[in-house]
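Please open the model in the viewer and show it as a cartoon.

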Amino acid sequence: MAKVTLHVYDLTNGSEKMNSTIVHINKIFKNGIGLGGIFHSAVQVYGDDEWSFGFCEEGTGVFSCPSRKNAMFTYRKSLVLGKTNYNIFKVNQILRELSREWPGNSYDLFSKNCNHFCDEFCRRLGVPKPPGWVNRFANVGDTAMEVVGNTASRFRQAKTEIVSATKAAYRFLFCVTNNVKTDMDDSP
């Protein structure tokens, strides 16, 4: 059995002003009101490296780095999620599978990010997934995108129905008008 640890980082890799803003947002939303924030996460199991997922144009997006030392982000905290019953060989097999299934060019901020990867890795390791606040920003964003997409789809459908109804009404009025003229032509 091996301990499975989630390492959480503030998503800071931009300018100093941007980094400061993100850290401030995370303090308010995570620490202040407990909703979550904008985070990067990685899973450590067997050894000193952590495993995560990120964008790249070719190849796998799965990568490792020394635990709590990802230079692209600001380390925040670690959470022990449980213990896996798998040996190191099975864990390496899971990582090989994930590496094939998670190409770097499939990265999406809202629907397939590092936190989604950690959820899946933890599921396969047989430990609880990370707490909801870690990926809440992306989940809310994904839900918002879905709502926008559904709303746009409904507007397109409504537009189609309005156009169809307008055409039917126009044909009806055109026929009624033509019938009235024909009836008037027959009158004395």
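**Whole chain.** Begin with the complete protein, which is a predicted model. Colour it by secondary structure to find 4 helices and 5 strands. Traced along the sequence, these elements follow the order β-α-β-β-β-β-α-α-α. Of the 188 residues, 31% are buried. Switch to a surface view next: the protein exposes about 11800 Å², and carbon and sulfur atoms supply 58% of that area. Among contacts between residues at least 6 apart in sequence, 70% join residues at least 24 apart.

**The nonpolar core.** Now select Leu6, Val43, Phe117, Phe121 and Leu125, the residues with the most contacts inside the largest nonpolar core, which has 24 residues. At least two core residues come from each of β1 (2–10), β2 (39–44), β5, α2 (88–101) and α3 (114–125). Helix α3 gives the most, with 5 residues.

**Val43.** Centre the view on Val43 and display its surroundings. Beyond its neighbours within four places in sequence, Val43 contacts Val4, Thr5, Leu6, Asp49, Glu50, Trp51, Cys118, Phe121, Cys122 and Leu125.

**Asn70.** Finally, move to the loop between β4 (62–66) and β5 (74–84), where Asn70 is found. Is Asn70 buried or exposed? Its relative accessible area is 8%; Asn70 therefore counts as buried, since the cut-off is under 20%. A polar atom of the Asn70 side chain lies 2.9 Å from the backbone nitrogen of Met72. Not counting residues up to four places away in sequence, Asn70 touches Tyr9, His40, Glu50, Phe63 and Cys65.

Key: Residues numbered from 1 in each chain as written. Predicted model: local features only at pLDDT ≥ 70, side-chain atom pairs only at ≥ 80, totals over all residues. Heavy atoms only, no water. Buried < 20%, exposed > 50% of the residue type's maximum accessible area, 1.4 Å probe, protein only. Contact = heavy atoms within 4.5 Å. Areas by Shrake-Rupley, 256 points an atom, 1.4 Å probe, with all protein chains shown as cover. Polar contact = N/O pair within 3.5 Å; in protein donor to acceptor, adjacent residues only side chain to side chain. Core = buried A, V, L, I, M, F, W, Y, C linked by side-chain atoms within 4.5 Å.
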